[in-house]
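Visitor: Please take a close look at a single residue of this chain. Then set that residue against a few other places and against the chain as a whole.

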Amino acid sequence: MHYFIGDLGHLFVITSFVTSLISAFAYWKANSVSAELKDQWLINARLAFYSHGIAVLGVIICLFTIISKHYFEYHYAYSHSDSRLPLHYLISTFWNGQEGSFLLWIFWQAVIGVFLLNTQRIWEAPVMVVFGLVQAFLASMILGVVIPLINIKIGSSPFILLRDAIDDPIFSLQPDFIPKDGSGLNPLLQNYWMVIHPPTLFLGFALTLPPFAFCIAGLWQKKYSEWIKPALPWALLGGAILGLGILMGGYWAYETLNFGGYWNWDPVENAVYVPWLVLIATIHTMIIYKNNKTALKSAMILSIAVFVLILYSTFLTRSGILGDASVHSFTDLGLSGQLLIYMLFFTVAAVLLAAIRWKEIPTTEKEASIYSREFWIFLGAITLCLMGFQVLLPTSIPVYNKIIELFGGESNLAPPADQIGFYSKFQLWFGALVALLSGTGQFFWWKRMDKDTLKKEMLPPVLISLVIFVIIISLAKVYQPAYMVLTLAGVYLIVSNIKVLLAVTKVNTSLSGGAIAHIGIGMMLIGVMFSSGYSYVVSLNNTGMLISKDLPTEFNRDNLLLFINEPRSMAGYDIEYLGERVEPRNGSGYVSKNDIDLTMDPYRVVATKDILFNGKKILNAKDTFEINPENTYYEIELRKNGKVEASLFPRVQINPAMGGFVASPDIKRTISRDLYTHVSLPMNREEEPEWSETEEIRTRLNQQFFVNDYVAVLEEVNRIYEIEGYKLSDDDVAVQAKIKVSGERNSYYADPIFLIKDKAQVGRIFSEINDLGVRITLLNIHPDTNEFSLGLNTRQKDWVIIKAMEKPLINILWLGTGVLMVGFSMAMVRRFREHRKSN
């Protein structure tokens, strides 16, 4: 038992909690004492926050040591990892649990806090008070201590021992029992995106704190407008990183899940999407104030709202309140009360402070003209907030139900059954409106314009947009009104911002970040419209026969039944199912299940022959290699004019944590479209197949015979001296036949065994060729005629049911995300430079 590392980690957790409180108190004192004492309190506060950062790093090192050294006596390591995981997935197990993800959040905020206390001397004390308090609340989530007198547990420790976490009789008999292996990381999360997506997302969460802290500091210090300048670069950075994290999650879903898209409007997805929308609105109101001294109160309200929404999303996803409404939410670890206090504390404190200072906050009497850019940006910001509000209300239905239940009532409200349809029909129009407002606002470039100048400026881009729009809808046959509006809005946003981009690059290239970001948004709107609105099923069942009477009509219509080695036509391709494959854990290629022998270890198999993949040898015969036994890949070959265009390997994963089997797609990517293919229904290998009655034949060596319409030849019969799973004595006789069966594409070998045990008992071990639906048994040997009796059984050939969709122009969406990030980065760098110069 490795007690020391856990005790040390727990000590670091307590230290991080205490030092964050000390830091907050010392910074508060530095902000309220006389100038003579201020420096000493600042030194104490900095030392406390540095100690906090070191303690957080210590917690991380201790927890990762437990995970990487496979100390399965600890509940966290046992629950989220196993000894077979490679290093990069061991890293991702670190944040797979609630405690680890809280720790990741604490780490990022500690890093940001250290950066701020070294760069923000004017704002250091008030801003770091907020940081210290937030860090204390987060650290309390992983404290895992019980207050004895009132028996209240604070936090859930990542260093709790397995015997203290689960009630199992073995720990009563053997208190120091350590499992040989852990339960492992959910196979669905063993994906490279899950290594980088959570850290990016939690960095985005952490980056919502600086604008909030600067806003609170401004209200506290009565510097009502000065906080905008230092907060704006951090808001831009937060918008970029949080947006990038959301997009990474969308791409992971597109590659890994089989609902056919990248955004499922799951409550957990919505809980991150809404704060990002409000954060983008916040950035725009900050820009309005910085350039025109209006919308200060709006900027304050939204800066507070973003951070509160992040806390609310944390409560939604980690309190267990969502229940079965989301597949992504964490189970309740008893932290729901703490999370609620955390959210209410900062919400109430911020609202009270804003209310106390409200009348003192400067406002401008100047009205924003309809011919000013800030007017249009403000309309865009309002639309973004309404856009978020529309998502937030239905997502919060489980919360409303819980509140009603607490007061003794009963609520039958339920989230939308068709989440994608419900949210999309509203968000589509909001997206189009935001694009139209953003595109129009770009014509003003912070100047007032009269009616005549506006017409002159707008006419060329509007005409160009209309021409491009007409070309697109004519060629792509876009006739649905909603999609037509979204297309026009996206094109208009791109064209108007290209005009601005050309103008500003002549003056100063660094000013072009906003225009580039808006171009990216326009591209994303067009990409979303085509890839989602005009995605269509190409695996249509055109045989005129139902796949199964027990399956829904839609399933029978939109899915294709493929028998192994029997080509079908689909989407202009000849498509052929070639069989089940496994993937070596080193990711070198795919191996047919016919070419491996299983071992006693389900994670290790042996190659029965040299294995080639794409013409390159990846394994030698008799090589033992590791696989993930829960994963089966189905090789689907696409051909045009006899030439192989692509080989797809959609995956089926046996995943009890996700309710059975989970299908993941494989995607053939081209410039203009993606062919998105996944398995809808695999063969059930656990179910006993229906074999035909045994057909008995007599044959000789090298004599051809037929089995299930395939030509077969008995090539040799040899005595063997070992049979796996059987113990042979010297008096036992075992004979193995080698029978070659020629399939449509490959030759297969069956090797049935005939056994005489103890000179009297006859045993037979049949050999099955799954691909061909053939089972052969060596029934008897006739030495007098040199013949062999074979028993032949047949069943339906191996099959798989697939669904395939074409997603046109989806690359415009992915390209647009890249352009958006470039624009964000340029705008952020510019604002940081401006702030550094002003300092």
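Guide: Leu133 counts as partly exposed because its relative accessibility is 27%, a class that runs between buried (under 20% relative accessible area) and exposed (over 50%), computed with a 1.4 Å probe on protein chains only. The model is predicted, so local features need pLDDT of at least 70 and side-chain atom pairs count only at pLDDT 80 or more, while totals for chains, interfaces and linings use all residues. Residues are numbered from 1 along each chain as its sequence is written, and side-chain values use heavy atoms, with hydrogens and water left out.

Leu133 sits in helix H6, residues 124–140; helices (H or I, at least four residues) and strands (E, at least two) are DSSP runs numbered from the N terminus. Beyond its neighbours within four places in sequence, Leu133 is in contact with Ala24 and Phe346, where contact means heavy atoms within 4.5 Å. Phe17 is 116 residues from Leu133 in sequence, yet their C-alpha atoms are 9.6 Å apart in space.

Val762, in strand S25 (residues 761–765), is also partly exposed, because its relative accessibility is 44%. With residues up to four places away left out, Val762 touches Phe754 and Leu755.

Ser81 is buried, because its relative accessibility is 1%. This serine lies in the loop between helix H3 (75–80) and helix H4 (87–93). Its side chain reaches the backbone oxygen of Ala77 at 2.7 Å. Outside the four places on either side in sequence, the contacts of Ser81 include Ile67, Phe72, Leu90 and Gly182.

Two loop lysines have a backbone feature to note. Lys222, in the loop between helix H10 (209–221) and H11, has a positive phi of about 60 degrees although it is not a glycine. Lys222 is partly exposed because its relative accessible area is 46%. Lys477 also has a positive phi, near 60 degrees, in a residue other than glycine, and is found in the loop between helix H18 (451–476) and helix H19 (481–507). Lys477 counts as exposed because its relative accessibility is 53%.

In soluble globular proteins, nonpolar side chains tend to be buried together. The largest nonpolar core here has 151 residues, and Trp105, Phe212 and Ile283 are among those with the most contacts inside it. Helix H11 (residues 228–256) supplies the largest share of this core, 16 residues. Such a core is a set of buried Ala, Val, Leu, Ile, Met, Phe, Trp, Tyr and Cys residues joined through side-chain atoms within 4.5 Å. Not counting residues up to four places away, Ile283 touches Leu232, Ala235, Leu236, Gly239 and Phe824.

Now the whole chain. The protein chain has 22 helices and 29 strands, and buried residues make up 52% of its 839 residues. Its C-alpha atoms fill a box of roughly 115 × 75 × 55 Å along the principal axes. Of the contacts with a separation of 6 or more, 68% join residues 24 or more positions apart.

Methods
A polar contact is a pair of N or O atoms within 3.5 Å; within protein, one must be able to donate a hydrogen and the other to accept it, and residues adjacent in sequence count only if both atoms are side-chain atoms.
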